[in-house]
Each structure stands twice: as C-alpha cells, then as structure tokens.
Amino acid sequence: MDQQNKDGKPKLDPEGQIAFLRGKGVTFERMDEADAMRYLSRESYLFATYAYRTLFPRRVGGAHDGEYANLDFCDLVDLERLDRDLRAALLPLALDAEHLAKARVLDEVARRPSEDGHSIVRDYMAALSPSERSRREAEISRLRRDEYSGDLQRHYAGEMPIWVLLELSSFGTVADVYRYCASRWDDAAMLDEHYMLKKARDVRNACAHSAAIINGLGTNGHVARPAPSELTTALREAGFSKRSRSSRMRNPRLQQIATLLLLHKRMAGGTELADEGSARLRPLADDVKAVLSVTRPDASRELNFEKQSCCTKSCSGHRRNWGQDGFRIHPAPAFL
C-alpha cells in the first residue's frame with residue numbers, strides 16, 4: 001500500500017515502483033517485471049537505479065509527452081552495474097594517491113637536514129586559523145576509541161611527529177598538509193599536486209559512498225572551473241582537440257576523474273601501482289566512452305572517433321548496443 005507523506009511524495013511498494021517506472025516510459029522487455037522487482041528488492045533500490053534516467057532523452061509532445069524514450073529497465077541496470085565497476089576501479093587509484101602523498105611528504109622530511117619530523121607539525125598547526133586548528137584537533141581526538149587507530153592516537157595524544165599526524169588524518173587534511181609543505185619548501189610541483197589531490201579526494205568520497213557517477217557525465221548543468229594547464233596538456237598529447245577538451249572538461253565529474261588519472265600516473269610513475277591502475281580501468285574505458293557517445297552526441301561529434309560496435313553486457317545475458325553504432329575514443333588517453 002502506498003503511503004502519502006506531508007510533502008506529497010508517496011512511499012511505493014514493489015508493485016507501485018514498477019507502475020511508477022511504467023508511467024515514466026520505462027519498458028520491461030529485456031528484464032520482466034518480476035525480475036525487476038527482485039532486483040529492486042535484493043540488489044539495489046529504486047532511488048539509486050532510477051538515477052540513471054538522466055542519461056536518456058524525454059519525449060516531447062503527443063500522448064507520451066515527458067516520458068523517457070527508448071529506455072528499458074535493463075538499461076538502468078546495465079548502467080548501475082557499470083557505475084559500480086567504475087567506482088571499484090577508481091577507488092584504489094584515489095587511495096593510492098592519498099598514500100603516495102603521505103610517502104612524498106615523509107621522504108622529503110627524511111631527506112632534508114632542516115626537518116626533524118616534529119617541528120613541521122608544530123609549525124603547521126600554528127599556521128592554521130583557530131577554528132581550523134580546533135577542527136584538526138577534534139578530528140584526531142575522535143579516533144581515541146577507534147579500533148584501528150585508537151592505540152596510535154592515545155600513544156601520541158600530546159605532541160606527535162609528522163608520520164603520525166599523516167597516519168591519523170583524513171584525506172582532506174593530508175591534502176592540506178601537502179599544501180603547507182609545498183609552501184614551506186617552495187615546491188611548485190607539490191602545490192600543483194595539492195590541487196589535484198583535492199579532486200582525487202572528491203572522487204574517493206563518491207566511490208566510497210557508492211554515489212552515482214555516470215549519471216552526471218551526460219550533462220553540462222554544473223560547469224567546472226577551467227582545467228589546470230597540466231591536465232589540458234595531457235589531454236592534447238592524448239589526441240583530444242581543443243574543442244573536445246573544452247567540452248569534456250566543463251563537466252566537473254569528467255574533470256575530477258581525468259585529474260585523478262593524471263595524478264596517479266604522476267605520483268605512481270615507476271612503481272607497480274602505475275600498471276595496476278591502468279589494468280583496472282582499461283576494461284571499462286570503452287563502455288564508459290560508448291555511453292557518452294550516445295548520451296552526449298554533441299561530445300561524440302567533437303572528438304575524432306573511430307566508429308565501432310562497442311557494447312556493455314546486459315542484465316539479460318545479451319549485449320546492449322548504446323545506439324545503432326557505438327563509438328570509442330581513438331587512441332585511448334595515454335594516462336588511462
């Protein structure tokens with residue numbers, strides 16, 4: 001039984017969810033209603049699955065005005081599963097970036113005779129505003145009863161060295177310490193990496209909290225700030241035209257993901273982590289590009305595309321073509 005709340009939004013039971021989707025133009029040809037209800041009950045839920053509707057156009061005029069065109073429920077499932085795989089591939093890259101940022105700071109401290117590992121923490125905390133310093137202290141204090149970090153926090157409850165501060169800090173604080181070190185050591189490269197770390201943190205948060213990513217790749221509603229010059233150069237060297245770079249990097253999510261990929265290549269270069277990152281992403285690259293070519297046909301025209309049948313595995317065991325012809329970028333970006 002549907003229940004109405006004070007805002008007029010109904011709570012939908014399983015049958016009501018299917019009726020709601022049908023009313024929006026969603027068909028159930030590749031996954032029947034019984035399997036769809038089972039999917040929404042056991043593997044996901046309506047609010048999450050329905051989020052991917054934004055990648056499909058609406059009908060204009062006629063008896064079906066406002067309904068989604070050519071949208072089968074299985075398309076939503078395909079996209080949700082692809083998004084899950086994308087998050088699983090991106091999250092380790094973001095975690096690597098955080099880990100490598102700590103390693104870079106500690107390596108510099110170890111190499112610099114003027115650093116003893118303790119004064120840098122005192123100077124960093126002193127450089128913060130009173131409110132920021134209070135937040136940093138509270139962040140670390142909350143770990144006192146933490147199963148994984150509590151012993152470390154209690155042991156260094158007073159003054160702590162830089163390696164302990166970094167171990168107990170959130171990704172955001174690690175990035176801020178990185179910024180401070182870049183200024184302290186007058187290191188322009190580190191300062192650039194600090195801005196990239198902030199983008200990597202945003203991707204990490206989205207992945208860790210299972211936020212939908214792909215559903216925002218087909219829109220330009222929120223325009224990102226201009227891409228940093230190093231990212232623009234990397235995209236140009238990968239074969240993206242100026243018009244393509246401008247179009248793609250206006251999308252905040254695409255810019256954040258591209259920044260993470262570039263940062264990972266930059267920080268993990270020469271280590272085993274670099275190859276591992278590429279191996280995770282390459283199997284997904286064509287599927288994501290194929291989705292973009294259909295959901296953002298304007299973007300597909302802006303790039304030098306190689307026409308190709310590029311599909312994703314569907315929930316029904318067949319392969320779902322994203323449009324009559326799929327597309328993929330050729331060649332693949334060098335930093336993938």
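1. Of the 336 residues in the protein, 47% are buried, where buried means under 20% relative accessible area, exposed over 50% and partly exposed in between, with a 1.4 Å probe and protein chains only. This is a predicted model, in which local features need pLDDT of at least 70 and side-chain atom pairs count only at pLDDT 80 or more, while totals for chains, interfaces and linings use all residues. Residues are numbered from 1 along each chain as its sequence is written, and side-chain values use heavy atoms, with hydrogens and water left out.

2. The protein has 15 helices and six strands; these are DSSP runs numbered from the N terminus, helices being H or I of at least four residues and strands E of at least two. Among contacts (heavy atoms within 4.5 Å) between residues at least 6 apart in sequence, 71% join residues at least 24 apart.

3. The largest pocket has a volume of about 630 Å³. A pocket is found on a 1 Å grid over the protein atoms alone, as an open set of points where a 1.4 Å probe fits, with protein on both sides within 12 Å along at least five of seven lines; lining residues have an atom within 4 Å of a point. Grid points are joined across faces, edges and corners, and the volume is the space filled by probe spheres set on the points.

4. The lining of the largest pocket comprises 23 residues, with Tyr 45, Leu 46, Phe 47, Ala 48 and Tyr 50 nearest its centre. At least two lining residues come from each of β2 (10-11), α1 (14-23), α3 (46-49) and α4 (73-111), and α4 gives the most, with four. By class, twelve are nonpolar, three polar and eight charged. Here Ala, Val, Leu, Ile, Met, Phe, Trp, Tyr, Cys and Pro count as nonpolar, Asp, Glu, Lys and Arg as charged, and the others, Gly among them, as polar.

5. Helix α1 has Gly 16, Gln 17, Ile 18 and Leu 21 buried. The cover over the buried residues of α1 includes α2 (33-42), α3 and α4. After α1 comes Gly 25, with a positive phi near 95°.

6. The second largest pocket holds about 390 Å³ of space. It is lined by 14 residues, and Tyr 195, Met 196, Lys 199, Pro 228 and Gln 255 are the closest to its centre. Two or more lining residues come from each of α10 (188-208), α11 (229-237) and α13 (252-268). The largest share, six residues, belongs to α10. This lining divides into four nonpolar, four polar and six charged residues.

7. Helix α13 has 17 residues, of which 14 are buried. From first C-alpha to last, α13 reaches 24 Å, close to the 24 Å expected, the expected span being 1.5 Å times one less than the number of residues. At the start of α13, a side-chain oxygen of Asn 251 comes to within 3.0 Å of the backbone nitrogen of Arg 253. Gly 270, which follows α13, has a positive phi near 85°.

8. Which of these labels, buried or exposed, applies to Gln 255? Gln 255, in helix α13, counts as buried because its relative accessibility is 2%. Beyond residues up to four places away in sequence, Gln 255 touches Lys 199, Ala 224, Arg 225, Pro 226, Ala 227, Pro 228, Leu 231 and Met 249. Pro 228 lies in the loop between α10 and α11 and is partly exposed, at 36% relative accessible area. The C-alpha atoms of Pro 228 and Gln 255 are 9.6 Å apart, with 27 residues separating the two along the chain.

Terms used
A polar contact is a pair of N or O atoms within 3.5 Å; within protein, one must be able to donate a hydrogen and the other to accept it, and residues adjacent in sequence count only if both atoms are side-chain atoms.
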